[in-house]
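Here is a quick look at a structure, taken one topic at a time. Have the sequence and the 3D view open as you read.

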Amino acid sequence: MKHTRSISKHWVLFLSAVALIVAASPAQAANYEVGTCIASLPKFPTIQLAVNSVPPGSTILVCPATYSEQVTISRPLTLRGLSSSNQDRPVIAAPPNGLAINVTSITGANVAAQVLVQNVAPPGNVNLTGITVDGSRAEVSGCSVSAFLAGIFYASGTSGTINEMTTRNQQLPSCGYGIWIENGAGPNQSITVENNSVHDVTWEGIFAISNQTPSTLAATIKGNFVTGKDYNQTKDIEVNGVSGALTGNVVTGGLQGITNDGGPVTISGNVVADISIGVAIAFGDGSTVTSNKISNVYTAFLLGGSGVSPGPTVTGNTTKNTTYVVMYNCIPNVTVKSNTFNDSEFGFDHVPTANSGLGVNSIYNIDTVQTSTCP
Amino acid sequence: MSRHLAWFFFAMVMLAVSAPLQALNYEVGGCKTGSGYVNFTTISAAVAGVPAGATIQICPGVYPEQVTITQPLTLKGIGFNNANRAMITINPNGSLAPNVTSSINGLPFYAQVLVQNINPAGPVSIIGITVDGSGDNAGCSAETLAGIFYASGTSGTVNEVTARNQVNGGCGWGIWVENGAASSQTITIENSSVHNQGNGGIGNFGIGSGGISAVSIVPPTLSAAIRGNFLSSTGGEAGLGVAGNDAILSETNGEISGNVITSNPQFATSIYACCDSVVVSGNTVANNTAGFGIEIYSGMTAQGNKLSNVGYSIVAHSDTATTIKSNTIKNTLCGLSFGGASSGTISGNTLNDSFYGFANWGGPPIGGNSLYNVDNVMSTTSDCP
């Protein structure tokens, strides 16, 4: 009897749970639409109205069109571009009256973000897929070293995935960013930036930063195609104080291809090319640089960091057509071995006299193997 | 018996005499000396003076000479005293007259390193050498300049070579290999750095200029493996080509894989591949905004390539089926163009950030691909404008 009663109580609980799930599902999983390309869905005229109105966890489908608005997302959701009538590009463009500064970074900089993810409540992921964020004709008052334009900005405490987006034309002089993610909060966050097309930015293509020690931002930056502008000092991808992996990206043009200012980051399987006056991969403490392909750049590897042991490792990479292969900057304990270097004017510059970490590499067609000594 | 013994001793003496010759090291440039080395002052003298099958080590230095190799051997650059570049350059005091005529297109070439009439038959391998074409400005009306030229009937490997500055007024190729002979040959070009060819010239009767070319008669008698090379600023028609020009019906077999091809100026094509059995896979093509990324023909396969910042990414010149699958394309004017084909394997491709997705397709709606940020999924004109 006791057993029967127990089962019955479980049944009641079970049925209640099912009823709750059934009731909740339409709201939680429902699709909403911006535009009018799908007849059956609840519709919103603007993306901002949609992200303000839908229940947390919703998916908002965005019809192909141009949406001239600055969007702030403050709840977990998915924003996804749609295909309709031979069109497949929803574009978030700058409003006619310009962009407002809408976030202050943990760096202290004021940023006008075209898509801002901030103060997400309840906590949860914000995912962006298949939308173009275009910075053409964007005006940012006071654009300078302390005020920036960003296509997409994930602020402290946020998480999610940016997948198959296009960010382009964030090209105000010296202040245009394609994608900016950061975490200055205590709790750990994970943000993935993958398979995006990022181009025609003046300052940085993809930027990730944490000011916490140890880092509270795990950044996965993979499979992106970033094209920097040669005539500007573009850093294509830069991470600062984050943990994570930069893998399988195709990075060309600009002044600096991939930069890790410091942090436990793996940089692997990337292609970096066409940086005629700059650096393909610059890195500091904590970096593991492996199996990258680098060509047609001025400097393949620029070492930074403190010289702490063990230092960064550079293995299994291939470089062709460079002016310098490795600029050591007299920093010890950086392991450089089992790489293949072909076609460079200089091989290893300013190699430290002690604990250089320079091992055996396959070298072809290098005019001067080592140049400039360290004190 | 005693006559047999005499023969035996004679044979032993011959072996004793010849063995040290076979075991000797051959060197050009004077950085390796001693009893184990035979030294030459020029590469031309070495390739003519060593036994067939020998390996010739080239010391770092500049060698202003035109080299013709007519026996199987290996030419290998070595490092010495903090230097590691053995560079063959144009002789400023030498003739700039052509030294070979292509058996495929009949055009005169000035080959800086010519591999031709190999006897006895065997492969010629070139490793770790730079071939720099600066200084030959004879122009398109006089000749096409080639850094390395493997003529008909030859085979071998070009590995970790640098070929650069074959400009010649717009008619220059870094590496040109061909076979106009009936017997099949295999040539591998791998891991090499090829750049600054032609500078965008479109001359020389449509052959133009480019980084690497492999051409053959029809049906193809050349199997060319072109893999792991890095090419940039290779102007003219093709940055990397298997078959230089369709008008002359050149064909070859082989693979074009794992190359990185960037920064093509003018209206260049990064990979121009013809014909049936060529597979174009795993290449990275970027920064060819005014040109074509990959051009293929009937029955060919383009698979697993990455293309970005390219005008026309993959163009199939074909009214029959091609296989175009698992390629990733970003930031392009035209994603895939099919030459009017109505069938084929078009699947698993990902396009993001393209003005046109598909063009010139004669078949049913294309499914099985992932498209993002494409302004026009199917071009409404016959091709991408």
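## Where the chains meet

How many residues of chain B are in contact with chain A, and how many residues of chain A do they touch? This is a predicted model, and in it the count comes out at 36 residues of chain B against 36 residues of chain A.

On chain B, the side that touches chain A draws at least two residues from each of several strands: β17 (193–197), β20 (230–234), β23 (260–262), β26 (284–297), β28 (306–317), β30 (328–337), β32 (350–359) and β33 (370–378). The top contributor there is β33(B), with eight residues. Sort that side of chain B by class and you get 21 polar residues, nine nonpolar and six charged.

For the complex, the predictor reports an ipTM of 0.90 and a pTM of 0.91. Chain B on its own averages a pLDDT of 86, and 85% of its residues score at least 70.

## Domains of chain A

Over in chain A, the division is into domain 1 (50–227) and domain 2 (255–375). Taken over C-alpha atoms, the centres of domain 1 and domain 2 of chain A are 32 Å apart.

Definitions and conventions. Residues numbered from 1 in each chain as written. Chains lettered and ligands numbered in written order. Predicted model: local features only at pLDDT ≥ 70, side-chain atom pairs only at ≥ 80, totals over all residues. Contact = placed C-beta atoms within 7 Å. Helix = DSSP H or I, 4+ residues; strand = E, 2+ residues; numbered from the N terminus. Nonpolar A, V, L, I, M, F, W, Y, C, P; charged D, E, K, R; others polar. pLDDT = per-residue confidence, 0-100. Domains from an automatic or database assignment.
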